[in-house]
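Here's a quick tour of one protein model, taken a piece at a time. Keep the 3D view open and follow along.

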Amino acid sequence: MVAPQFAEVTATSTTTQSTVAEERKGTGKLEALQKTEAWAQAKWEAAKAFEVDAPAPGEPSPPKFMGTFPFPYMNGVLHLGHSFSLTKLEFASGYERLKGKRVLFPFGFHVTGMPIKACADKLKKEIAMFGEDFSGFKEKVEGAEFPEQDVPVKKESVDPTKIVKKHGKANAKSTGLAYQFQIMRTMGIPNEEIKKFADTKHWLYYFPPVAQQDLKDFGLSVDWRRSFFTTDMNPYFDSFVRWQFNKLHQHSTPKVKFGERYTIYSPLDGQPCMDHDRASGEGVGVQEYTGVKLQVLMDDLTATPEAERDQVKGVPVGRALLAPELVKSIAGRNVYLVAATLRPETMYGQTNCFVGVDISYGIYAVNDKEAWIHKLGEVKGWDLVGVPLKAPLAKYDKVYTLPMEGVLVTKGTGVVTSVPSDSPDDYITLQDLKKKAAYYHVQPKWVEPFADSFPSIIRTPNYGDRAAETAVKKFKINSQKDKLQLTEAKGEVYKEGFYQGTMIIGSLAGKSVQEAKPLIRAELIEQGAAFPYCEPEGLVMSRSGDECVVTLAPQWYMDYGEEGWKKLAELCLADMETFSAETRNQFTKTLDWLNQWACSRSFGLGTRLPWDPKYLIESLSDSTIYMAYYTVAHMLHGGNLDGSKPGSANITPEQMTDDIWDFIMVNGPAPKGTSIPQETLDKMRREFEYFYPLDLRTSGKDLINNHLTFCIYNHTAIFPKEKWPKGIRVNGHLLLNGTKMSKSTGNFMTIRDAIKVFGADATRFALADAGDGVEDANFLEKTADDAILKLYTEREWIEENLTTAAEGKLRKGAYTWNDRVFEAELNKLITDTDHAYKTMWYREALKLAFYEMTIARSAYRKATTGQGVGSASLEGEEYEGMHEDLVKRYIEVQAIMLAPLTPHWSEYVWSELLKKPESIKKALWPTPTGQPDESLLSAASYIRGLGSNIRSLEDQAARKKQKKGAAATAPEEAKATTLRLFVASAYPAWQDDAIAILKSTYDESTGKFSGKEKPLLASAGLMKNKAVMPFVASIRMAVENNGPAAFDRNLGFGEMETLKSNLDFIRRELATLKITAVELVPAETVKPDAGDFAPEDVRKADMATPGQPTYRLV
């Protein structure tokens, strides 16, 4: 397939008003790198560098690595967020290849479900409205509104006649654009092409090839032979999914079942709306309440003439309910206020009912004599205040409707039953109403008889029989406006009541709340005083644009959460690498709550249930074990995404029956009656057996709650334990320049845009630098832009020095001290970078492989040539020069260690500059020439820091003198040309004594100090020395941070010998101070009566300690 051509899309920087490209002075370096990228990609494609197969019989069987990334949904182009999660696997694949493994990285495309169909349907409507070229659309005038499209909404079913809240119309997740054709334009799709997307099939053949080309341009190391898209449009994949579901359905303990269950439902689509079908609200589940019916005492209202009734804001109580037209519509029915509660066991303590005074409440008729959902009328919350009610299980014959602040229209029914004994909110609101009855427009008789005499219903160990009242006092809650304290109090009271509470009222007195709760609920429902009531936990909008509800629907569902299956999933998780404790904890929590999951829908795109073909399999349920399909996809239909042409196995889709899949995937018996040659079947099984199980799955953390946990469940149901996933690594979302990516705000970038603006390697560089944890990462355009210069400059340096080597101008022969230091640094960086890649900390790998490597090289060049940042060759100086072997070693090591991150750059350096005969894709991880010499590295760090420290101290001294008004340099010091270094071979005795005492107070098993060091130091006579306590504090802090090894102050290298080997280097480092000679003096030899030492020499020498020489300029 050839990727369609896109219109131009500009990638704008969010940090300025101009594009990043416009801010650059030129594009020569970018173009040079992009030219290299195209060259490298062509080289890899020609060599089929990423196409791998299982070893044939008799061939050596190298270790393998198979990793996958959740196939992206193809209703648009891929963006940087995709690439961020994707690079975790890309970087891992590159590293594992360097470690000698046969790496399989396949990539597919997801098109199952409603999103594509919903978009296509929208376009059909828009074409009808505006024409095929959308010329009939007029741009929105400021202040005007887009016309609402007529959306048929199915009416909700509710239980017996009652008052419920009206849902306000919710806004869908927005891109800031009103119409689908506008969204298509932002993707760069030419206007004349958009009409074709009204056909769902066009999406399938348009976006996957586009994504494939973008990922090739990104340098992704994918075996594209194994690619496919989902649904029955690919008959091979369709047969695989049907086999999977037959296995689940026919399992000894069936994993797919049928029955009525509560599910999130789209009235417009007329079917369940699962996570991937939602425009917003992914992960939102069903919340089941008990709908408690509080009967309105209409006879009490009618028995009292209106003129004699109590009033609310000057209006007689119940006037709206007794309006003639409404009374006629109610027609003698009982009327109820329905309160949604999660605590039916507390209904014994009801004292009143709360409403939101500004909410509109609809009155609906629902019984066996009247039509369902026939709207009778509407009242405001104020119209209900003061209305008498009969509350089920309450001890009172009559309670009243009262006002409450903060009643939500988006949660429950908008009616709140009040239990002040066990709800801090209810208790404090009732107290507020009692204190300020006139302010809240209530009569004292509606409140006072209940405010203090309410019954106790639950006994708790810490909050007593009136938990709410106790909690209000504990958290110092003064009114219902103290929201934060109320939230905390409510959490504690509800938790203790449920887990430790005991009922002290009613027929179940003496039983625990956990035991009593379902029994009381069942009793209320049986009496007709309540009913099960469900709604989404939060707002859910379907892709079709309607607000979803909850319905009790007959459907096929996955029986997740079933005890035996859950135990297998937990076993799989226990053996699986998750790369962080937070990820493991999130999986554990998901396994704890995940329950039955609807796996079927009536229409959309997908595979049909093989035993009930009127249903389609929903999009998250056909995406659980498809990773196994990759192992044989190239043989079934290699080279085409839709399976329209057979692959190398020359098998038709019809031949892929369940027994064939059993033979390949689960070690089933040899199929009988098949026309597929046994040799072909054996090869397909060999492919699966070699590459499976899955070594790594990378993904965003948001998929733990569904897709990734489903993956674990389904693998345990179908495959033997040795084929379960071995590792799943998740990451956070990607911010762009510190801000959430969003099409509506314009802070958005596609992969294609990034490659155009920065090139593939610089983009990958910035993605590696963005972060690695489960917290959100940050892609900085500046980092990507800077990477262009960094990579280009480093390549120039390599070219220059390889040319120098070819001309014979680099040193050869035995290694010097500087050579050995550089070699040790390379060995350590190889080891440390290997660990960073192995643990998938790619930001650290980038830091080591690029930044630390170039720092080490610059330090080596500076020491051996006098060149580099911050220094220049001194006139007349002679330098040893860089060693040719080490320069080439550095270039090779850096090219290999950066290859997973910036493969095009590394390929160019490896193949074109180093003239290696094979691609870097066949290179192996560098082997250290020896263990990192820590003693030598410590010595090098000491030497490099010495000159810097002296310059800093001299600068400080000069600034002090300037502040005092003196000359920057005293006359005698201006003539100083010699650095006299005082080097101590031992620490002062008092320091050794202090450390010995500190050691005696340290408990290595706990890592703690006893705190008794002061009296011990005093008894040893050490406290007289003012330097003791600061010294002890510094050692103590070092031990607390680094462990008992910090007690050992051994330098690990010979200080005097190291200094003698580097006198010229020290002198050059101090060239700005006009130093021409360095003199080394053992500190112990400096005495007042010994030699020609001045008093200042004695003072300075006395201050020297091992590793911290002192100095004087003379």
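This is a predicted model: local features need pLDDT of at least 70, side-chain atom pairs count only at pLDDT 80 or more; totals for chains, interfaces and linings use all residues.

Where does Ala509 lie? Ala509 is in the loop between β18 (502–503) and α16 (513–526). Residues are numbered from 1 along each chain as its sequence is written, and side-chain values use heavy atoms, with hydrogens and water left out.

**The whole protein**
- The protein has 37 helices and 34 strands.
- Its C-alpha atoms fill a box of roughly 120 × 85 × 65 Å, taken along the principal axes.
- Of its 1114 residues, 53% count as buried; buried means under 20% relative accessible area, exposed means over 50%, and partly exposed is in between (1.4 Å probe, protein chains only).
- Contact means heavy atoms within 4.5 Å. Among contacts between residues at least 6 apart in sequence, 76% join residues at least 24 apart.

**What the UniProt record says**
- The unreviewed UniProt entry lists residues 41–122 and 175–778 for "domain: Aminoacyl-tRNA synthetase class Ia". UniProt positions follow the numbering used here, feature names are shortened, and annotations may be inferred rather than shown by experiment.
- Over residues 41–122, the chain is 41% helix and 10% strand, with end C-alpha atoms 39 Å apart.
- The unreviewed entry also gives residues 983–1050 for "domain: Leucine--tRNA ligase RagD-binding". That span is 50% helix and 7% strand, and its end C-alpha atoms lie 15 Å apart.

**Nonpolar cores**
- A nonpolar core is a set of buried Ala, Val, Leu, Ile, Met, Phe, Trp, Tyr and Cys residues joined through side-chain atoms within 4.5 Å.
- The largest nonpolar core has 116 residues, and Phe107, Trp203, Phe207, Phe758, Phe779 and Ile891 touch the most other members.
- Apart from that one lies another core, of 73 residues, including Ile617, Tyr630, Trp661 and Val730.

**Back to Ala509**
- Ala509 is partly exposed, with a relative accessible area of 44%.
- Leaving aside neighbours within four places in sequence, Ala509 is in contact with Met503 and Ile504.
- Now look for Asn191: it is 318 residues from Ala509 along the chain, and their C-alpha atoms are separated by 71 Å.

- Asp834 lies in helix α26 (residues 817–838) and is buried, with a relative accessible area of 19%.
- The side chain of Asp834 makes a polar contact with the side chain of Lys99 (3.3 Å). Not counting residues up to four places away in sequence, Asp834 touches Tyr95, Lys99 and Trp925.
- His904 sits in helix α29 (residues 903–913) and counts as buried because its relative accessibility is 0%.
- The side chains of His904 and Asp761 make a polar contact (2.8 Å). Leaving aside neighbours within four places in sequence, the contacts of His904 include Trp44, Phe218 and Ala760.

**A covered helix**
- Helix α12 (residues 424–435) has twelve residues and reaches 17 Å from its first C-alpha to its last, close to the 16 Å expected at 1.5 Å a residue. The expected span is 1.5 Å times one less than the number of residues.
- Ten of the twelve residues of α12 are buried, among them Tyr427, Ile428 and Leu430.
- What covers these buried residues includes β11 (352–355), β15 (399–403) and α15 (483–500).

**Strands side by side**
- Two strands pair if DSSP finds at least two bridges between them.
- Strand β19 (residues 530–536) is largely enclosed by the rest of the structure, because six of its seven residues are buried.
- Strand β7 (residues 286–296) runs antiparallel to β19, joined by seven bridges, and Val286 stands opposite Pro536 in β19.
- Elsewhere, three strands form an open sheet with mixed pairing, in the order β28-β27-β29. Its edge strands are β28 (739–740) and β29 (777–779), each pairing on one side only.

Notes. Helices (H or I, at least four residues) and strands (E, at least two) are DSSP runs, numbered from the N terminus. A polar contact is a pair of N or O atoms within 3.5 Å; within protein, one must be able to donate a hydrogen and the other to accept it, and residues adjacent in sequence count only if both atoms are side-chain atoms.
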